[in-house]
Amino acid sequence: MLTHHEELFLPYDDFPWFKDQNLKAILNVEEPRPGHFYWPDIDVDLDLEIIRHPERFPLQAKKHNANPESPADTAR
């Protein structure tokens, strides 16, 4: 992602929400305030600190599991 003279890389391992999305959804990004980005089609919002240093912010999202009787798999 190119923003304000800086190129940012969002690898799927750190940002799994983008992995199965189409290009249109990924490219539809807004910046509601400086350094804060929102992807409305996939309801994801991230700030520059999270994008630059994902290791400081462990993922807390979980994948949905088709089998309700077994625990959900973690996103990582």
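This note covers the salt bridges and one histidine in a predicted model.

1. Basis. The model is predicted: local features need pLDDT of at least 70, side-chain atom pairs count only at pLDDT 80 or more, and totals for chains, interfaces and linings use all residues. Residues are numbered from 1 along each chain as its sequence is written, and side-chain values use heavy atoms, with hydrogens and water left out.

2. Salt bridges. A salt bridge here is a side-chain nitrogen of Lys or Arg within 4 Å of a carboxyl oxygen of Asp or Glu. The count by this rule is 2.

3. Arginine 52 and glutamate 6. These side chains form a salt bridge at 2.7 Å, N to O. Arginine 52 belongs to helix H2 (residues 48–52) and glutamate 6 to strand E2 (residues 6–7), so the pair ties together parts 46 residues apart in sequence. Helices (H or I, at least four residues) and strands (E, at least two) are DSSP runs, numbered from the N terminus. Arginine 52 is partly exposed at 40% relative accessible area, and glutamate 6 is partly exposed at 25%. Buried means under 20%, exposed over 50%, and partly exposed in between (1.4 Å probe, protein chains only).

4. Arginine 56 and glutamate 49. Their side chains meet in a salt bridge at 2.5 Å, N to O. Glutamate 49 is partly exposed, with 33% relative accessibility.

5. Histidine 36. This residue lies in strand E4 (residues 36–39) and is buried, at 12% relative accessibility. Leaving aside neighbours within four places in sequence, histidine 36 has contacts (heavy atoms within 4.5 Å) with residues including Asp45, Leu46 and Asp47.
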